[in-house]
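Hello! Here is the structure I promised to pass on to you. Please have a look at it first, and then read my notes below.

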Amino acid sequence: MASTANKGSRAPGRTALSGKTKQTIATPDGGRVGLAITELSHLGKINLRGGDDILPAVKKHTGCSNLPENNRTVQIGERTLIWLAPDEFLVLCEAGEEAGLHSQLMLDLGKVHAAVTNVTDALCALSLRGQALRKVLAKGCALDLHPSVFTAGMCAQTILSHAAVTLVAVSDDQFTLICRTSFAAYVHDWLMDAGLEYGVSFKG
Amino acid sequence: MLLITCPHCGPREESEFSCGGEAHIARPLAENNLTDAEFADYLFLRDNPKGMFLERWRHAAGCRRWFNMARDTVTHEIVEIYPMGNTPKSKAGKAAHADSWRRDTAAEAAAKPASKSRSKQGG
Ligand SMILES: [Zn+2]
């Protein structure tokens, strides 16, 4: 896998949503935009499976001194660990760094019972911001998204209008949404429609 | 719609889960010692009780992990959620487990590694 490492993947290329029109549809009364959608193009994503003995390698390469608890994320600088299941995590890293991080983790976890999979292009990440963010998501998601329940630093794998998504609460009014690349266009279209009444924008 | 408490993720909507049917069906070890009718109990026959039922469920859209559930099929009350490989601890769950017709089948007896049940089947 290391031989396919390509630092040049930072270069502009097709992403899941590169064909979508950049547009802002503000509310007619007051011109508000309650939800701003941005694609986190080429954001590095590595699926990591293993028990507690993966921690030294994870700490070395992400700076995270603990594996996240259930439904939690740990963020150090540009790198984020997302809890997915009791022995499964998603590592987010800088665009273009994923191949290098993947081979480093493979090397350092060589003797540990673990699995490291580069899923950067299998998944699409969106940044969602705005006052109406939680109201829009609640239209298609059964999760309790109240800011007192789904607080900053929490994550959940759930269903958004039939599509499997991972939601990460970055702050009260900012989420990262991760879905399969093949579902990205659908999720984008659904969000643009569901967000229309609050004002919505897609900035590419 | 049920609100199911995943042992790992917490309370989630039923649509995130898939039901895996009846729990506690052990594969017979010495299947060649069973008659076709006895093996059919393991392979084909499934319970469909009115009342307490022990089921396997999977959090398909979340952590994708299996677990067991003791659920009343009339009231939809979820009495207990317990890990795979365990038997229920609640009174109603224990009773449902003990009272199941499956406990008396030759297929279940042959699923236990004890030599007693095997030699019995072999005879
Ligand atoms: Zn779960």
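Two salt bridges are counted between chain B and chain A, a salt bridge being a side-chain nitrogen of Lys or Arg within 4 Å of a carboxyl oxygen of Asp or Glu. In one such salt bridge the side chains of A:Asp87 and B:Arg65 meet, at 2.4 Å from N to O. On the side of chain B that touches chain A, the residues divide into five charged, three nonpolar and two polar; here Asp, Glu, Lys and Arg count as charged, Ala, Val, Leu, Ile, Met, Phe, Trp, Tyr, Cys and Pro as nonpolar, and the others, Gly among them, as polar.

Before you go further: this is a predicted model, in which local features need pLDDT of at least 70 and side-chain atom pairs count only at pLDDT 80 or more, while totals for chains, interfaces and linings use all residues. Residues are numbered from 1 along each chain as its sequence is written, chains are lettered from A and ligands numbered from 1 in the order in which they are written, and side-chain values use heavy atoms, with hydrogens and water left out.

Back to the two chains. The contact (heavy atoms within 4.5 Å) takes 15 residues from chain A and ten residues from chain B. About 1000 Å² is buried between the chains, with carbon and sulfur atoms giving 44%; buried area is the accessible area (1.4 Å probe) that two parts lose on being put together, summed over both. Of the area that chain B buries against chain A, 42% comes from B:His8, B:Arg12 and B:Arg65, more than from any other three residues.

Now for a look inside chain A. A:Leu167 sits in strand S10 (residues 163–171); strands (E, at least two residues) and helices (H or I, at least four) are DSSP runs, numbered from the N terminus. A:Leu167 is buried, at a relative accessible area of 1%, where buried means under 20%, exposed over 50% and partly exposed in between (1.4 Å probe, protein chains only). Leaving aside neighbours within four places in sequence, the contacts of A:Leu167 include A:Leu137, A:Phe150 and A:Leu177.

A:Phe150 is itself buried, with a relative accessible area of 3%, and A:Phe175 is buried too, at 0%.

In chain B, B:Phe39 and B:Tyr42 are both buried. These two are three residues apart in helix H1 (residues 36–43), so about one helical turn separates them.

Enjoy exploring!
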